[in-house]
Amino acid sequence: MTPTTRTAPSTRWIAPTALLWALAALFLIPVAWFLLSSFKPGSELFTWPLRLFPQDWTLDGYRTAWSRFDFQTYFLNTAFVAVVTTVFTVFVSACTGFALAKYRNRWVQAFFLMILATTMLPTEVIMPSTFAVILGLGLYNSLAGIIIPSIITATGIFMFRQFFLTVPDELLQAARIDGAGEFRIFFTLMLPIARPIIAVLAIFSFQWRWNDYIWPLLVLNDQDKYTLQIALRSIVGAENIDWSVLLGASVISLIPMVLLFLVFRRQIMNSDISSGLKD
Amino acid sequence: MPALNRRTLLAAGLATAAVPTVAACGGNSSGSTDAPLQFILSGDANQGGGYATMAEKYQEETGVVVEIVDVPYDDLQTKVRNAAQANDLPAIGRMPSVDPVWLDRTVDLADIAAEVKPIEGMYAADEDGKIPALPSDLTAVGMFLNKDLWDEAGVEYPTSFDDNVWTWDEFLESARTVREATGIRFSLTMDRSSHRLSSFLYQNGSEGLALTDDLSEYVANDGTAGALERFIAMNDDEVMPRSVWLTEEDPNAMFKTGQIAAYYSGSWQIADFVENIADFEWISVPMPAQPDQATNFGAAAQIVVFEGTGQEEQALDFVRWLYSPENYAEISRIAGFLPATEGVEVSYDARQEDFDLYNAAIAGSPAFVGQIKERDLALQVSGTAAPLSGDPLRDETVKAISGDISAEEVVENALAQLNESLA
């Protein structure tokens, strides 16, 4: 191999790599601006010409946000809701997706169509009836009132169904011949190979619940049960927004999501969803 | 397969057991007379902080705990409507308006009104004489100038109503001079709100879109379309940026950049500007009059005591305490409010002269401005009008600024929508 042939591939990649770096930097600008702005005093936020870096670094926004809001309670409430809902969402979606993919029955297909149809309705449309149900069940002003209606998502069911469809039926038949029952097939064969889907849905579900706003606002009446997003939005007044507090509080509220990303980075990035399969 | 069955059963058992466990977490409502008094409101740092301070003071004096429940402003009505449906209303509310959904769940505040003397026209009684709500504070429309820019351009401006207040033509000419001399982007910006726009209309020979005396119809006088046309023409990306009304760009932030000569907003900005403008000096000035000097003022919010909580008496005691001259002056000072009751002198921590100017503007406004507010409130407490989903005057004006309809059509369409809500 001559030196020319060795260097050729790297030169070929310089331009696209540089372009990708430039794009990545572009995406980073708003985030950097947001983070740096949270260290600016209120009087510096709108100065013209715009300045990226604070002239007078301050933690006042963070301090006020931290002292004004009971972050610990809100974090705990939000984390509880997000974790519990996510666990149930993943389990229920996996069960339903498996049934819809692997059991042949026209009613099952009709049921699947009905589930899909629910995605056509905006959440706001079904909200009053869901609220009436929550009231009837005595779940108003409880965290369970946020968790239970959020467990079943058509998206999650759809993701699992589509994944299980790709699993060859022969695999199941082989397991049945070996004497495995349906539960065992589901728990020991199907669930493990669906790990990438579990991870993706878990991350999505956690994020949806972490960012959920209008439903907790309607269901919760007691400030001790408030979630983070309700507290965050209350900084926006009728005519004024306390930007420095809002920025500080927003950064604080982001930290768990960033940690989640760092921990599950591999799963988030993993697109090799057919691992473990040979067809 | 015993192992399989055990595991399967265990998993299924855990899943079913967890649902009632989750269902059991939380879930008790107010109602006990010893429970803290819930006071639902929406306040930015100044206003919410003001009520929180007063709640602490009340607890020190009486031992009664008032819990401030701060809810995002845009969803306060939705939240309280749902709480009413759930039969879980808070003890007290500071609401943007009186809502027919919970109007019959309010306690009569006529006795307190007689004691605290709210400013005439800022509260209303229904046909049985019940006063369901008291004004929490006043807001008024006003104008701010970037003083540094005006001084740099050497352009004069009035600072009190004793001076000959400028006309809109004079103001626009002066602001143009400032803009050109200092190289800034716009002469003026105005909040995207019909409250501000109505004030502009009053100053330009219109009486806005007003309810008739018998509350049966909304009407507009002949000057309204002309005044609107004037406003629409000002949105030309030179005098005023069109982005504020068309795409909801934040005029407060624009003014803070120092690229705007004047900002048409209101008294609630003072506290924010004191805190968050350090790059230039700003000043409150009388708004232009062509021919009428007028501000649009009204109750920023309504204090209501809800029925059925079992805490009505304690809530009434707190409201009475809050409106006592000493306490009311204190919250007005902390929160930067204009007082909504008569005879309360407030010594503000900063910019006393600005608040004085607003009070003078209210006092000098023509009588019809107060009457319009009075009738609006009377309509609200009568509970006969359907709540509007949007703001007809603002929404139709936006269409006109984007060139879709004329000023005449704005008046026509907005009146039609308002009158439909009465039907």
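# Exercises on a predicted two-chain model

B:S365 is found in the loop that joins helix 14 (352-363) to helix 15 (367-382) of chain B.

## Exercise 1

Determine whether B:S365 is buried or exposed, and identify what its side chain reaches.

**Solution.** Begin with the accessible area: the relative value for B:S365 is 12%. Since buried means under 20% relative accessible area, B:S365 is therefore classed as buried.

Next, consider the polar partners of the side chain. One of its polar atoms lies 3.0 Å from the backbone nitrogen of B:T295, and the backbone oxygen of B:A361 lies 2.8 Å from a polar atom of the B:S365 side chain.

Finally, list the contacts of B:S365, leaving aside residues up to four places away in sequence: these are B:Q293, B:A294, B:T295 and B:F297.

## Exercise 2

Classify the packing of helix 8 of chain B against helix 16 of chain B, and name the residues that meet there.

**Solution.** Start from the geometry: the axes of helix 8 (residues 223-234) and helix 16 (residues 392-401) of chain B come within 10 Å and cross at roughly 55 degrees. An angle under 35 degrees would count as roughly parallel, and one of 65 to 115 as roughly perpendicular; the two helices are therefore oblique to each other. The crossing of helix 8 with helix 16 of chain B is right-handed.

Then turn to the residues: from helix 8 of chain B come B:L228, B:F231 and B:I232, which meet B:L393, B:T397, B:A400 and B:I401 of helix 16 of chain B. Sorted by class, this contact has 6 nonpolar residues and 1 polar residue, with no charged residues.

## Exercise 3

Carry out the analysis for helix 7 and helix 8 of chain B, and find which residues of helix 8 make the contact.

**Solution.** The axes of helix 7 (residues 194-203) and helix 8 of chain B come within 9 Å and cross at roughly 120 degrees. This makes helix 7 of chain B oblique to helix 8 of chain B, because the perpendicular range ends at 115 degrees and antiparallel requires an angle over 145. Helix 7 of chain B passes helix 8 of chain B in a right-handed crossing.

On the side of helix 7 of chain B the contact is made by B:L197, B:F200 and B:L201, and on the side of helix 8 of chain B by B:T224, B:A227, B:L228, B:R230, B:F231 and B:M234. By class, the contact has 7 nonpolar residues, 1 polar and 1 charged. Comparing the two lists for helix 8 of chain B, B:L228 and B:F231 take part in both contacts.

## Exercise 4

Describe the setting of A:S37 in chain A, moving from its element to its contacts.

**Solution.** A:S37 is found in helix 1 (residues 3-37) of chain A. With a relative accessible area of 6%, A:S37 is buried. The side chain of A:S37 reaches the backbone oxygen of A:W33 at 2.6 Å. Not counting residues up to four places away in sequence, A:S37 touches A:L45 and A:L247. The C-alpha atoms of A:S37 and A:L59, which are 22 residues apart along the chain, are separated by 11 Å.

## Exercise 5

Summarise the overall make-up of chain B.

**Solution.** Chain B has 17 helices and 10 strands, and 55% of its 423 residues count as buried. Among the contacts in chain B with a separation of 6 or more, 75% are accounted for by residues 24 or more positions apart.

Methods:
Residues are numbered from 1 along each chain as its sequence is written. Chains are lettered from A and ligands numbered from 1 in the order in which they are written. This is a predicted model: local features need pLDDT of at least 70, side-chain atom pairs count only at pLDDT 80 or more; totals for chains, interfaces and linings use all residues. Side-chain values use heavy atoms; hydrogens and water are left out. Helices (H or I, at least four residues) and strands (E, at least two) are DSSP runs, numbered from the N terminus. Buried means under 20% relative accessible area, exposed over 50%, partly exposed in between (1.4 Å probe, protein chains only). A polar contact is a pair of N or O atoms within 3.5 Å; within protein, one must be able to donate a hydrogen and the other to accept it, and residues adjacent in sequence count only if both atoms are side-chain atoms. Contact means heavy atoms within 4.5 Å. Axes are lines fitted to C-alpha atoms, for helices over the stretch in contact, and angles run from 0 to 180 degrees between N-to-C directions. A crossing is left-handed if the near helix is turned anticlockwise from the far one by less than a right angle, and right-handed if clockwise. Ala, Val, Leu, Ile, Met, Phe, Trp, Tyr, Cys and Pro count as nonpolar, Asp, Glu, Lys and Arg as charged, and the others, Gly among them, as polar.
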